[in-house]
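My notebook is open, and I am going through this one a piece at a time. Have a look at it alongside me.

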Amino acid sequence: MIRPVVMLPAPVLSTRAEEVTAFGAESRALADDLLDTMRASAHSVGIAAPQIGVGLRAFALDVTGHKKADSCHGEVVLFNPEVVLATGRDVGREGCMSVPDLTGDVARRTHVVVRGLDPDGVERVLECNAFEARAVQHEIDHLDGHLFLDRVVAADRVFPRRVYR
Amino acid sequence: MTHELSVTAIGEDRPGVVAAITGALADLDANLEDTSMTILGGRFAMVLIVDVPDDVGPAEVEAALARPAADLHLDVSVHASDPSSTPTDGARHSVAVYGADRPGIVHAVARALADADVNITDLATRVVGGSEHPVYAMLLDVTVPAGTDVEAVEAELRHVAAALGVELSIHPADADIL
């Protein structure tokens, strides 16, 4: 089911999301909602549960076909993700479905290994670089209550967002 | 009803400038719609677009800012602001230019961009490297209109840069929505 995207300044976006402890029909339904909502936003490559108003540690991601992508695991839904290794640093311009009108330059790790659980509670370990690594870090930030605005490299590196039609 | 005014102030850089100016504006029920503030050549410079009640005009705002301006040695001016911007639809790019300092770099690059109908949306320059070998650095954000050949714009910019003896690079700056 496509869910409405929660916008700034909703408190759920600045609150640390809770661990998911039970896996089954509910976690699979959340995964489906994340994928449906992500697919419905053609210009977005990822969405975190707080962005659909759910304060749980889960996100969906798909960088397939993105010009800045190198590693690509296709459609991924990860619960309780944690970064177990992170190296490199690169600055890139990010926007967010939950932040209207603005984009900003954010420094991210260029290579991450992330561990989490799939919608059935089975462990997955993903090695990501380039754009997929940036997207993973952006989504995990949502689970910790951080927006890209919290990480912009300098006050003068925030910009008006291009209007999508 | 409300209307928009532009407020510019420039003067000594010291703690309390922003607090004093915005305090006087808040007392007038002015809402800050858009602001840019930075240090230029050791002076603190601010440009604010403020939304004020209709019975507050430029003269009232200047009067309210007279005291903090005098206390803090700021030049302040207030004008009616018509929000008539016509944003260009197109691809955002960042341009970096750097090289030995000489007059006319900004003009030559801006002229080439204007001739290609490319809109400059942000521009900052700095002179670095000390007085013996000053290096001029300029960063621009530009919008290349839809249908314009970016490679042709880049070629023309490279031609201008070569004539000036400076380095120039241009790259896409579209944000990724995550």
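**Entry 1: helix H3 of chain B.** I began with Ala110(B), which is found in helix H3 (residues 105–115) of chain B. Helices here are DSSP runs of H or I with at least four residues, strands are runs of E with at least two, and both are numbered from the N terminus. Ala110(B) counts as partly exposed because its relative accessibility is 24%; buried means under 20% relative accessible area, exposed over 50%, and partly exposed in between, with a 1.4 Å probe and protein chains only. From Ala110(B) to Leu140(B) I noted 30 residues in sequence and 9.7 Å in space, C-alpha to C-alpha.

**A note on the ground rules.** This is a predicted model, where local features need pLDDT of at least 70, side-chain atom pairs count only at pLDDT 80 or more, and totals for chains, interfaces and linings use all residues. Residues are numbered from 1 along each chain as its sequence is written, chains are lettered from A and ligands numbered from 1 in the order in which they are written, and side-chain values use heavy atoms, leaving out hydrogens and water.

**Entry 2: helix H2 of chain B.** Which residues of H2(B) are buried? I listed Val61(B), Leu65(B), Pro68(B), Ala69(B) and Leu72(B). Their cover includes strand E1 (2–12), helix H1 (17–27) and strand E4 (74–80) of chain B, with contact meaning heavy atoms within 4.5 Å. Just after H2(B), I found His73(B) with a positive phi of about 55°.

**Entry 3: rings in chain A.** I counted one aromatic pair over all chains. Phe23(A) and Phe79(A) form it edge-to-face, 5.5 Å centre to centre and 75° between the planes. Rings of Phe, Tyr and Trp (its six-membered ring) pair if their centres lie within 6.5 Å; planes under 30 degrees apart are stacked, over 60 edge-to-face, the rest tilted. Phe23(A) is in the segment before helix H1 (25–40) of chain A and Phe79(A) in strand E3 (residues 76–87), 56 residues apart. Phe23(A) is partly exposed at 28%, whereas Phe79(A) is buried at 0%.
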